[in-house]
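Have a go at each task before you read its solution.

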Amino acid sequence: MHSRRKGQRQWQVVIVGAGNAGLCAGIAALQAGADSVAVLDAAPREFRGGNSSLTRTMRFSWRDRAFLAGLMRDPDDARIAELPADPAGYSDEDYLADWLRTSGDQVDTTLIESIIRRSTSAITWMRGFGHHWVPRPNPLPGDFPVVFDGGGEALQARNFAEFERLGGTVCYDSTATEIEKVSGGRYLLRGSGPVFPVVCDALVLASGGFEGSARMRERHLGAQWREVKLRGVPYNKGEPLEAAIALGADTAGNWQQTHTTPQGTALPDYMMPGRMRESHGLTRYAFPRGIVVNRDGRRFFDESGDHSQLSYVSLGQRILDQPGQIAFQVFDGKVVESGKLPQGYLSDPASVITRSIEEGARRLSIDAGNLAEEVRRLNSSDTDFLPADRDDAARVPKRLDTPPFLFVPVVCGLTFTYGGLSVSTNAEVRGDGKPISGLYAAGVIVGGLYDQGYPGGTGLMAGAVLGRAAGTAAANHALKNGERVRELGRLA
């Protein structure tokens, strides 16, 4: 249990942030032998869960169909028949190729490779304390085959339940803003909330990026990002990240890029836990089945270049640079009548169905002449292609020539930022290139994982792997540090 001395609460391990990464760190620390572990959550209890509660996909290496089936709750579940029959699975090499091809070159390849190598064991570890998966419903081309049963809401409910079952403490409304190294190799945290000040033997930072701070967005991303809408919670304002840097932590990653995706125009200013289904209903990732144009009626993105799970973030980033910070996904009757578009496309009140391209352009104030020209060029060309089917490697020429036409307006929604702290493969935060004793990080606060793009499902995976590593290392450090402090006390 934690103790109090001179107004300070003391724990062996403190974790800042209660997303998937932070809770994985807390669970691992308790499993490793720490008996005094606290997670500090900036959100109130009724809105706990963070961005992790709004997602559902974790990308990992898998050997074969039998491995995926073993992740389901019920071995006799009829949905097992929906799993892919590919005997080759998804190897570490496949995973790394997708990650590097999507993210760009300026990443920490060593760290990424270490995460991928540990991805399967992390899944098995999570399965051991109650997590399970189901086949992805209504997959788009390139989608990862399984998702969390119950999505991110169930993921986080199970994470909180396991952490608290093992004896962990969650402190809500607690935002850490200052970190100081004090005597005995411990850390002193100050911040807003009744729990502070806090002292611990080992500290894990898992508090997300700075996407919730208009000040930091404008400073690092540019003025056009100041008023951007968030796909996630408003609590990740970057205070622990800035506090770690002030302490001497090294930074890593691309601080000018973000995870930003195409969303329906009904996206609110931010999204709160408990609204996972609404969040999923606002995603607009079916763009490879049509074309994407801006207000000027021009295509500005190669929507046929890759599966949406490997290119949706690149599209989201580009939308903010378009006139009016809006874009339009356009589909023809063949796609609309195929039944392959997510329901959110057809139920979106901002969507427009018309008999001609020109009519749709006029109704949405798109330059009709430019758009008609783009479509004519597309229909007369055999150089633009579209994946024919999720399980079919053949590619067919893209056409937009069969009415009616569906126009879907989209905006960008910011999920998280890429710039963060430099860490070792064991989740140790570096300072001057060397690990800072007793300080660890996991989740989106870690930099170096993404440069230009983001392969879907890697964020939760990196958080789980590094969270597990950080929690285990923090517990071991705290136990050794506590024994050393006690020995010094005996000698004194």
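Contact here means heavy atoms within 4.5 Å. Helices (H or I, at least four residues) and strands (E, at least two) are DSSP runs, numbered from the N terminus. This is a predicted model, in which local features need pLDDT of at least 70 and side-chain atom pairs count only at pLDDT 80 or more, while totals for chains, interfaces and linings use all residues. Residues are numbered from 1 along each chain as its sequence is written, and side-chain values use heavy atoms, with hydrogens and water left out.

**Exercise 1. Describe helix 14 and find what its buried residues pack against.**

Solution. Start with the span: helix 14 covers residues 368-379, 12 residues in total. From its first C-alpha to its last it reaches 16 Å, close to the 16 Å expected at 1.5 Å a residue (the expected span is 1.5 Å times one less than the number of residues).

Next, look at the start of the helix. A side-chain oxygen of Asp367 comes to within 3.2 Å of the backbone nitrogen of Gly369.

Then list the buried residues (buried means under 20% relative accessible area, exposed over 50%, partly exposed in between, with a 1.4 Å probe and protein chains only). They are Ala368, Asn370, Leu371, Ala372, Glu374, Val375 and Leu378.

Finally, follow their contacts: these residues pack against strand 13 (291-293), helix 13 (357-363) and strand 18 (405-417).

**Exercise 2. Work out which strands pair with strand 9, and in which sense.**

Solution. Two strands pair if DSSP finds at least two bridges between them. Begin with strand 2 (residues 8-16), which runs parallel to strand 9 and is joined to it by seven bridges; Gln10 has Val199 as its bridge partner.

Move on to strand 8 (residues 186-192), which pairs with strand 9 in the antiparallel sense over three bridges. Here Leu188 stands opposite Val199. The two strands form a hairpin with five residues between them, and Gly193 in the turn has a positive phi of about 130 degrees.

Strand 21 (residues 434-441) pairs with strand 9 in the parallel sense, over three bridges, and Tyr440 is the bridge partner of Val204.

Now check burial: eight of the eight residues of strand 9 (residues 198-205) are buried, so the strand is largely enclosed by the rest of the structure.

**Exercise 3. Locate the largest nonpolar core and name its residues with the most contacts.**

Solution. A nonpolar core is a set of buried Ala, Val, Leu, Ile, Met, Phe, Trp, Tyr and Cys residues joined through side-chain atoms within 4.5 Å. The largest has 128 residues, and Phe60 and Leu189 have the most contacts inside it. Its largest share, 12 residues, comes from helix 15 (residues 458-491). A second, separate core of 18 residues includes Val293, Ile357, Ala361 and Leu378.

To look around Leu189, set aside neighbours within four places in sequence; its contacts then include Val14, Val16, Leu40, Phe196 and Val198.

Terms used: A polar contact is a pair of N or O atoms within 3.5 Å; within protein, one must be able to donate a hydrogen and the other to accept it, and residues adjacent in sequence count only if both atoms are side-chain atoms.
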